[in-house]
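Biologist: May I ask some questions about this model while we look at it together?

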Amino acid sequence: MLRGHKIALRPTARQRRWFAMQCGYARVAYNDALHDWNHGAELGDLRKRFNAIKYGKYHWCKDMDQRAAMYGIMSLEDAILRYRKGQNERPKRKRHNARQSYSMEGAKVKITDNAIKLPKIGWVSMHERLRFKGKIKRVTISRTAHCWFASVLVETDAIIEAAAPASPVIGIDVGINTLATLDDGTKYDNPRPLKRYERKLAREQRKLSRKEYESNNWHKQKLKVERIHYRISCIRKDAHHQATTAIVRNASKIGIETLRVTNMVKNRKLAKALSDSALGGFLAMLKSKADALGIAIVEAPQFFASSKTCSSCGDKKEDLTLADRMYHCESCGYTVDRDINAAINLRTIAVGETEM
């Protein structure tokens with residue numbers, strides 16, 4: 001099994017400069033190979049062509065880690081293959097202010113409890129130790145805002161302890177005000193970090209727009225904006241991890257609704273709130289953790305009205321609106337929170353599939 005762990009680093013000023021240079025070298029190799037491919041070069045010849053001209057065309061690259069260039073071109077080859085299959089758009093030239101990252105093979109890397117040894121640069125301190133034990137396949141160094149990270153891919157035989165067979169089948173209803181509601185009434189709050197930092201972010205972005213493009217002050221202000229975005233992302237991911245981990249630890253099977261987020265965000269009144277909640281990312285994280293533990297995920301049919309259907313008698317209430325937070329069935333008189341009602345219906349679907 002391949003498992004990944006992204007670890008924050010504590011690099012020195014010299015190591016930060018080295019990382020930035022390797023990321024730039026990977027970008028240069030990617031763009032050079034892309035230029036060759038756009039002008040008729042064969043896919044299998046891209047690395048050979050770059051190796052033949054790199055020392056003459058880029059004299060400064062002699063001191064660089066050549067693995068950065070190799071993996072940069074390999075990422076281009078992968079993008080081209082996916083383009084030919086129709087999985088993504090045609091690869092484009094990377095700009096100098098694009099996301100910074102470069103990769104290397106795991107055989108050249110050593111990791112202790114609190115440090116990682118990288119080719120050419122040596123030992124770099126880490127904020128935490130590697131979570132998995134096994135053969136290191138690949139390491140990717142990347143920058144997000146002011147932080148540098150090492151993403152370590154490990155081939156491991158470790159068995160993850162799954163939930164006990166006696167654990168219940170649960171249903172989960174996701175939403176904007178409450179991130180997730182379980183059929184037993186348990187609720188996980190949605191922090192809505194973008195809404196919390198929206199005014200501060202707008203203020204810093206206005207300051208950025210007034211700076212001269214590419215000036216020193218522009219770069220300083222851009223870093224401030226990046227740090228706010230990073231803070232927002234961390235709050236959102238932490239809430240998702242806390243909720244999904246708690247859910248999969250106590251479930252033998254999970255029923256969820258089928259969301260088409262791209263269609264949902266077309267509603268301009270809800271688009272920002274939906275994007276802030278990142279419900280698609282939450283469900284993807286839940287599926288990933290459940291799959292690692294061997295927990296089955298049952299998705300309800302796309303147009304199943306989980307909120308409008310009575311979980312007691314099955315009657316459908318067509319006139320239910322978003323403002324109605326309590327569900328009251330006019331047929332049987334059953335009254336319950338609408339989110340809990342939807343979660344019970346999703347659990348019923350999961351239980352029904354089990355019985356089949």
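Biologist: Is Cys-147 buried or exposed?
Modeller: In this predicted model, Cys-147 is buried, with a relative accessible area of 17%. Buried means under 20% relative accessible area, exposed over 50%, and partly exposed in between, with a 1.4 Å probe and protein chains only.

Biologist: And what about Cys-23?
Modeller: Cys-23 also counts as buried, at 6% relative accessibility.

Biologist: How many disulfides are there?
Modeller: The search of the whole structure finds zero disulfides; a disulfide is a pair of cysteine sulfur atoms within 2.5 Å.

Biologist: A new topic: where is Tyr-25 found?
Modeller: Tyr-25 lies in helix 1 (residues 13–38); helices are DSSP runs (H or I, at least four residues), numbered from the N terminus. Tyr-25 is buried, with a relative accessible area of 0%.

Biologist: Which residues is Tyr-25 in contact with?
Modeller: Leaving aside neighbours within four places in sequence, its contacts include Phe-50, Lys-54, Trp-60 and Cys-61. Contact means heavy atoms within 4.5 Å.

Biologist: What should I know about the numbering and the values?
Modeller: Residues are numbered from 1 along each chain as its sequence is written, and side-chain values use heavy atoms, with hydrogens and water left out. As this is a predicted model, local features need pLDDT of at least 70 and side-chain atom pairs count only at pLDDT 80 or more, while totals for chains, interfaces and linings use all residues.

Methods
Helix = DSSP H or I, 4+ residues; strand = E, 2+ residues; numbered from the N terminus.
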